[in-house]
Amino acid sequence: MSQDHPRFETSPGQGGETHQHLPPGGPHDTSAAHLTTNQGLRISDNQNSLTVGPRGPVLLEDFALREKIFHFDHERIPERVVHARGSGAHGFFECTRAIPELTRAAPFLQRGKKTPLFARFSTVAGGAGSADTPRDVRGFAVKFYTEEGNWDLVGNNIPVFFIQDAIKFPDLVHAVKMEADKGYPQAASAHDTFWDFISLMPEAMHMVMWQMSDRTLPRSPRFMEGFGIHTFRLVNAAGEGKLVKFHWKPVLGVQSTTWDEAVKIAGADPDYHRRDLYETIELGAFPQWELGLQIFDEAWAAEQPYDVLDATKLIPEEVVPVTIVGRMTLDRNPDNFFAETEQVAFCPTNIVPGIDFTADPLLQGRLFSYLDTQKSRLGTTNFHQLPINAPRCPFQNFQRDGMMQMSVPQGRANYEPNSLDEIGELAGPRECPTTGFVTYPNVEAHDGGHERLRVRPALFADHYSQARLFYRSQTPVEQAHLASALVFELAKVGLEHVRQRMLKLLGAVDIDLAHRVAAALTMPLPAPADTAAPVLDMAPSPALSILGKSLPKMAGRTVAILFAEDSSRASIERMREAIEAQQGRVVMVSQRTGLIPVRDGSLKADAKLEGSPSALFDAVASIIPPEALAALRADHAARNWLADAYAHCKTIGACPATLRLLGEWGIAVDEGVTNLQDFPHVAPARHWAREPRVRLLA
Ligand code: HDE
């Protein structure tokens, strides 16, 4: 590097134009971790692009520059479609009153038990860069990392909602967000489209009261109540369920601002709430909320003048008191806003044993929406692997692959059930009926008394009767093909116990079939599998057979005519006419392509024998003069052509010279090998009687 061409250095006066190591703290600090590319390559210069000479163009070759800018270009991800503006913190939930009689959910089982969590508070309408203090509902979302999986309690700071049914949510959000044509106002409900919608939506009136109250102007998240809104269900270890509404109560009490304050704060410090949460945690004044429950049951609910599944209704605390069962403390700010607060993905579907849903139609819609939106926002189905979203308990299943897959599963068990453990291979995880999550059957009056179950109807239990019907409805040729296919496939299965199990299942389908397959595999025939339902002997259905439906017609079929130099053009033309008259198609095949001289002129070969095996055609005819025999005898492709046509049970139309070849090659003449005159009538048929002579069938 020449002294004439100074390079840019971030610490003026510390060296200038060459690579020199500077004192600690400078850009070339050797005591710090080395700066590398994403491939781990150490970077020698993070200040200057690579150029041709001091004033020349920047080189495409500068991969360090391109990687850095490429990554920067893609730093933004889609913001949340609602609740885009928010801030979060880590903390824990401490159980202050064990309630095993109400729920088996892990966080509530012992007094003093602590469960780590992450909470995020948000506005609803504004974009990610909007101010913290508009008049708006606030999100109050908490992710509990329990030892039985993540539980997300995704609530708001108001105990009711605008709408009763999720199907209205996109309309509500469109109406409140910036107007479609103007792109404003940002983060404000004070505009035409919001009030147009609301004026047509009487169910929103209760929520509008809350929205126009000072609840939507909180002093800070630290002074907000939080509500699960929907009625949920708690289920204890005995499987008994109670209905519940969740309440968060700030230890500091509830506090709002006035509208005028909120407006001025938005100007003076748009990050007022974010800063407030961050700074108080940094100062060690950890915000706290008590978690309270309103517990009730169906009988009580049925007597109320409102429906507890209606999210526009609350249950007055004076009617059903709020029982405090624990306390949330937020004691740690995120290390990185993007990695944690931005990438945290709350899903109301994240519940744990002991907690369940109800049929609230607003909740039911949310159960679809959140998982779905994360795919748009975080770009991959594997967002659950991000540190902020990953459960703190072990998790494993057979979901695989997908964009940004971080785990490296071992072994070939990527499906279930499997029996790979029987040969000492990794079999993977198994379902557990006793400790796994079980949905509360939930007999709610409006469900018509039907329980929510994971069962199949009783008649689905018969797996064999129709398999037997199918097999027995096949012609003997088809049965042989089916049995042989099973033999072919199972012969490729190296797992002895799997073959055994298949023979047992086949035995339950048809003992003769099982016997054929076992014999061909030289395996002893095991006893047939036990069946959950009686296997019926149904009357055979010929409609299930292919051969029963095959029509011996030329239409739609293709016939190849093999010819050679000096073949009889007249015989070939006669053959072509007969085939085409029956709507068949003719392909002329010869050892050479192009125009071939034949008796009385020439004929064009459409295909070369070597590249056009007889498998391509439905039937073949060979019209050749004795003079061609020598060349065909010496041609392996010619021999295969005829031998395969025979082995595939096709009709072969043979001239006298062809018959000689067939004889020489040991291809027996049968009813499917015809003279040229009969050929067009016999051609479409397959001659299955020939099959035992050409292959070993099961
Ligand atoms: Fe949400 N809501 N919501 N919501 N919601 C989202 O999910 C949705 C509703 C709430 O800090 C989205 O990850 C539908 C009620 C909070 O990351 C999305 C319906 C309540 C947050 C979504 C509702 C909420 C969201 C957008 C009508 C209070 C922020 C980004 C049935 C109980 C969570 C995302 C965070 C976020 C859908 C109604 C609370 C699109 C369809 C009622 C606190 O999935």
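What you're looking at is a predicted model, where local features need pLDDT of at least 70, side-chain atom pairs count only at pLDDT 80 or more, and totals for chains, interfaces and linings use all residues. Residues are numbered from 1 along each chain as its sequence is written, and side-chain values use heavy atoms, with hydrogens and water left out.

**Stop 1: H497**

Select H497, which sits in helix α12 (residues 496–509). Is H497 buried or exposed? Its relative accessible area is 16%, so H497 is buried. The cut-offs are these: buried means under 20% relative accessible area, exposed means over 50%, and partly exposed is in between (1.4 Å probe, protein chains only).

Now show what H497 touches. Leaving out residues up to four places away in sequence, you'll find S419, E422 and I423. Contact here means heavy atoms within 4.5 Å.

**Stop 2: the iron atom**

Next, pick the iron atom of the ligand. Which protein residue gives the iron atom its single donor? That's Y370, through its OH, 1.8 Å away. Y370 is found in helix α9. Donors are N, O and S atoms within 2.8 Å of the metal (3.2 Å for Na, K and Ca), and water is not among the atoms, so sites may look incomplete.

**Stop 3: M404 and its patch**

Move on to M404, in the loop between α9 (361–378) and α10 (465–472). With 56% relative accessibility, M404 counts as exposed. Together, M403, M404 and M406 make a nonpolar patch on the surface, with about 370 Å² of accessible area. That area comes from the Shrake-Rupley method with a 1.4 Å probe; for residues, only the protein chains shown count as cover. Patches are made of residues with over 30% relative accessible area and no salt bridge, joining like charges within 9 Å and nonpolar side chains (Val, Leu, Ile, Met, Phe, Trp, Tyr) within 5 Å.

Check the backbone too: phi of M404 is near 60°, a positive value in a residue other than glycine.

**Stop 4**

Jump to T522, in the loop between α13 (511–520) and β11 (558–563). T522 isn't a glycine, yet its phi is positive, about 45°. T522 counts as exposed, at 71% relative accessibility.

Then look for cis peptide bonds. One runs from Y184 to P185, with omega near 5°; P185 is in the loop between α2 (169–176) and α3 (192–199). E416 and P417 are joined by a cis peptide bond as well, with omega about 5°, and P417 lies in the loop between α9 and α10.

**Stop 5: salt bridges**

How many salt bridges does the structure hold? There are 33, counting a side-chain nitrogen of Lys or Arg within 4 Å of a carboxyl oxygen of Asp or Glu.

Select D510 and R472, whose side chains meet in a salt bridge (2.7 Å, N to O). D510 is in the loop between α12 and α13 and R472 is in helix α10, so this pair ties together parts that are 38 residues apart in sequence. D510 is buried, with a relative accessible area of 6%, while R472 counts as partly exposed at 36%.

R576 and E580 are 4 residues apart in helix α14 (residues 569–581), so about one helical turn separates them.

Finish this stop by selecting R215, E225, K249 and E317, which are linked in a network of salt bridges. In this group, R215 and E225 meet at 2.6 Å, N to O.

**Stop 6: helix α17**

Last, select helix α17 (residues 656–664) and color its buried residues: A657, T658, L661 and L662. They lie on the same side of α17 because they cover an arc of only 145° around the axis, the arc being that of the directions from the helix axis to the C-beta atoms.

What covers the buried residues of α17? The cover includes β16 (619–623), α15 (629–633), α16 (636–647), β17 (652–654) and β18 (673–674). Step just past α17 and you reach G666, with a positive phi of about 70°.

Conventions:
Helix = DSSP H or I, 4+ residues; strand = E, 2+ residues; numbered from the N terminus.
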